[in-house]
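Reader: Could you open the model for me, so that I can ask about it as we go?

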Amino acid sequence: MNTPLITPDCHEVMDRFDSYLDGDLEPETARQFEKHIAACPECAAEHKVALQMTTAFGELELEPCPDDVFERALAQAQASQNGRVDRPAVASSPQPRIRRWRAIALAATILLVLGLGSLPFLLNSPEAEYSAEEIAQARQEVEFALSLISDAGRDAGAYIQYEVLAEEVVRPLHESLNTIQ
Amino acid sequence: MSLDSSVLADHRHRIYDFAVRFLGCREDAADVTQEVLVRLWQRGEQIDPARRKAWVLKVTRNACLDLLRKNKTRQAYTPATPSIDDFAHDAPTPDRLAESSDFRVFLEHAIEQLDEPYRSLVVLREIHGLSYKELAETLDLPLSTTKVYLHRARKRLRSTLRQTIPAEELTP
Ligand SMILES: [Zn+2]
């Protein structure tokens, strides 16, 4: 007679222990629940464990994070932040070289496509004698080419930053043009 | 912009405790804590402060899962089921307080033996005090499933405790 007798009522009671303990059962259901527990040793034992468990949960505490773990984490976090701030300066030496090369290649290609083969010669020989008409013509062509380069630079944004193009190509060309005027 | 370091301090025990309970290894828990605190520092400001607790615990749990996948730590860590004799030396005076603290030790071991996601649910609800909504958010579960799973987890705990603790050790 020591074998616990678990009835279908027991299963229902055990499934609803949390609702009972949380006070979520209807008053009538709760009353039947208590009546069953009072009469059933198996569910009474379950109830006892449930109550003790609720008490013990309230007593469990968080295991504290050791100070040295926290200090290391804080140092790493701050270092990672500094790393992010410094990154553009650190990366600026190799990356723009590629960008600059691409920008110049693009400019040269456009100039070639537009048949402005005389431009480098013109830029490299500021002291040469040209008529005002020739210079005006060259300037018009260069400015047209520069506007195309700017548009191309924007379209090729994934590869070439417009600012780099402006700094590395457009401005030097403008300066060259100004020196020959 | 990053968070104030006091926010990190507020969450550190939560992260570490969860990681220790999940991984069963303080060294691994320290690594996870460090990783999560750095992420909190970097991204925490983008998270609504009201949802930060759930976010932190979700990131912590995912970091633990990643570590387990890498290390298989959990396989190496198999918690021994305690018997009441294991505590006889620690608790020579069988007064009420000692009994209650023994129950806590049994409970901790019973929690360790739960499978996922039941263990996380119990730890987060009963020890970290998360609401059902926060639990659902942390574990990516529907609210109704969260409640059903939690009830199931508690039922399993009761069953384990009843099997491990002699009836006479239970307070009447
Ligand atoms: Zn019963």
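Predicted model: local features only at pLDDT ≥ 70, side-chain atom pairs only at ≥ 80, totals over all residues.

Reader: Which protein donors does the zinc ion have?

Author: They are Cys10(A) through SG, His36(A) through NE2, and Cys40(A) and Cys43(A), each through SG, lying 2.1 to 2.3 Å from the zinc ion. Donors here are N, O and S atoms within 2.8 Å of the metal (3.2 Å for Na, K and Ca), and water is not among the atoms, so sites may look incomplete. Along the sequence, the spacing of these donor residues is C-x25-H-x3-C-x2-C.

Reader: And why is the arrangement called tetrahedral?

Author: Because the 4 donor atoms around the zinc ion subtend angles of 97 to 115°, and four donors count as tetrahedral if all angles lie between 85 and 135 degrees.

Reader: Is His36(A) buried or exposed, and what about Cys40(A)?

Author: His36(A) is buried, with a relative accessible area of 16%, and Cys40(A) is buried as well, at 8%. Buried means under 20% relative accessible area, computed with a 1.4 Å probe on protein chains only.

Reader: Changing topic, what are the chains built from?

Author: Chain A has 9 helices and 0 strands, and chain B has 8 helices and 0 strands, where helices (H or I, at least four residues) and strands (E, at least two) are DSSP runs numbered from the N terminus. Buried residues make up 31% of the 181 residues in chain A, and 48% of the 172 residues in chain B.

Reader: Where does the largest pocket lie?

Author: It lies between domain 1 (5–71) and domain 2 (92–170) of chain B, because both give residues to its lining; the domain bounds come from an automatic or database domain assignment. Helix 1 (5–23), helix 5 (96–112) and helix 6 (118–127) of chain B each supply at least two residues of that lining.

Reader: What sort of residues line the largest pocket?

Author: The lining divides into 5 nonpolar, 1 polar and 8 charged residues, with Asp, Glu, Lys and Arg counted as charged, Ala, Val, Leu, Ile, Met, Phe, Trp, Tyr, Cys and Pro as nonpolar, and the others, Gly among them, as polar.

Note on methods: Residues numbered from 1 in each chain as written. Chains lettered and ligands numbered in written order. Heavy atoms only, no water. Tetrahedral: all angles 85-135°; square planar, octahedral: opposite > 155°, others 65-115°. Buried < 20%, exposed > 50% of the residue type's maximum accessible area, 1.4 Å probe, protein only.
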